[in-house]
Amino acid sequence: MYLPAAFRQDDLTELRAQIQANPFALLASTGSGGMQASHLPLLLEPEEGEFGTLYGHFARANPHWRELHVAEALAVFSGPDAYVSPNWYPSKAEHGKVVPTWNYIAVHARGPVELIEEPERLLQIVSRLSDRHEAARPQPWAVSDAPRDYLDGMLRAIVGFALPIRRLEGKWKLSQNRSAADQAGVRDGLAASPHPREQALAAHMTQEG
């Protein structure tokens with residue numbers, strides 16, 4: 001990832017928080033057939049290793065998992081993003097030398113992949129994934145709610161994996177390369193948007209400021 005110093009995020013707590021808040025990742029790797037990518041919900045276990053370990057699973061019919069042992073994989077987590085209009089820059093009125101850009105938050109996690117096919121370990125992965133996303137619901141569904149023979153059939157149709165993170169990068173592109181006045185203009189413009197993702201990005205700019 002192209003990572004200018006102004007946009008670099010090294011705070012491990014912030015990086016983990018972004019992964020937890022945006023768990024639907026793009027998992028990419030290269031094999032004999034070239035580049036492959038899958039869109040998967042991933043679970044971060046932060047206490048495992050220096051940066052943590054990611055867990056997820058593929059449909060067994062997805063050929064991507066068969067070559068994951070060849071090299072490391074890259075998991076990309078995308079946070080809020082938004083178009084930035086030059087009209088939000090006070091400097092536009094001063095000299096007009098402004099152009100549009102795009103602000104965003106992204107986290108890249110790299111590491112080797114361990115495939116998991118043992119039924120009990122697979123059951124743990126899908127249970128923890130479900131528990132994570134059901135926790136805030138009034139009546140959380142649990143994997144154990146489904147009949148075990150049905151679950152056994154579902155588990156045979158997937159392949160799990162663990163990705164211990166060996167390299168973790170974050171990019172918080174929040175107009176840090178602009179003047180304080182221009183940053184405030186962008187923050188105010190995003191905050192006034194009706195779109196939740198743009199409001200969320202404005203909130204991050206407020207936190208960074």
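Which residue in E5 is the bridge partner of Leu43? The bridge partner of Leu43 in E5 is Tyr55. This is a predicted model, in which local features need pLDDT of at least 70 and side-chain atom pairs count only at pLDDT 80 or more, whereas totals for chains, interfaces and linings use all residues. Residues are numbered from 1 along each chain as its sequence is written, and side-chain values use heavy atoms, with hydrogens and water left out.

**Overall architecture**

- The protein has six helices and ten strands; helices (H or I, at least four residues) and strands (E, at least two) are DSSP runs numbered from the N terminus.
- Along the principal axes, the C-alpha atoms of the protein fill a box of roughly 70 × 45 × 30 Å.
- Of the 209 residues in the protein, 44% are buried, where buried means under 20% relative accessible area, exposed over 50%, and partly exposed in between (1.4 Å probe, protein chains only).
- Among contacts (heavy atoms within 4.5 Å) between residues at least 6 apart in sequence, 73% join residues at least 24 apart.

**The six-stranded sheet**

- An open sheet is formed by six strands in the order E1-E10-E7-E6-E2-E3, with antiparallel pairing; two strands pair if DSSP finds at least two bridges between them.
- Strand E1 (8-9) and strand E3 (34-41) stand at the edges with a single partner strand each, so one side of each is left without a neighbour in the sheet.
- Strand E2 (residues 24-31) is joined to E6 by three bridges, and the two run antiparallel; Leu26 stands opposite Val76 in E6.
- Eight bridges join E2 to E3, also in antiparallel fashion, and Ser29 stands opposite Gln36 in E3.

**Strand E5 and its partners**

- Five of the seven residues of strand E5 (residues 53-59) are buried, so the strand is mostly covered.
- Strand E4 (residues 43-45) is linked to E5 by three bridges and runs antiparallel to E5.
- Seven bridges join E5 to strand E9 (residues 158-164), again antiparallel; Phe58 stands opposite Val159 in E9.

**Nonpolar cores**

- A nonpolar core is a set of buried Ala, Val, Leu, Ile, Met, Phe, Trp, Tyr and Cys residues joined through side-chain atoms within 4.5 Å.
- The largest nonpolar core contains 35 residues, of which Leu27, Leu42, Leu54, Phe77, Ile165 and Leu168 touch the most other members.
- Strand E6 (residues 73-84) gives the most to this core, with five residues.
- Beyond its neighbours within four places in sequence, Leu27 is in contact with residues including Gln36, Leu40, Phe58, His64, Leu74, Phe161 and Leu163.
- In soluble globular proteins, nonpolar side chains tend to be buried together.

**Largest pocket**

- On a 1 Å grid over the protein atoms alone, a pocket is an open set of points where a 1.4 Å probe fits, with protein on both sides within 12 Å along at least five of seven lines; lining residues have an atom within 4 Å of a point.
- The largest pocket has a volume of about 180 Å³, the volume being the space filled by probe spheres set on the points, with grid points joined across faces, edges and corners.
- The lining of this pocket consists of His57, Val126, Leu129, Ser130, Trp141, Val143, Tyr150, Leu151, Met154, Leu155 and Ile158.
- Helix H3 (119-134) and helix H4 (148-156) each supply at least two residues of the lining, and H4 provides the largest share, four residues.
- By class, the lining has nine nonpolar, two polar and no charged residues; Ala, Val, Leu, Ile, Met, Phe, Trp, Tyr, Cys and Pro count as nonpolar, Asp, Glu, Lys and Arg as charged, and the others, Gly among them, as polar.

**Individual residues**

- Phe24 is found in strand E2 and counts as exposed, at 53% relative accessibility.
- The C-alpha atoms of Phe24 and His39 are separated by 6.9 Å, although the two residues are 15 apart along the chain.
- Leaving aside neighbours within four places in sequence, the contacts of Phe24 are His39, Leu40 and Pro41.
- Ser175 lies in the loop between strand E10 (167-173) and helix H5 (180-191) and is buried, with a relative accessible area of 2%.
- The phi of Ser175 is near 65 degrees, a positive value in a residue other than glycine.
- Most residues other than glycine have a negative phi.
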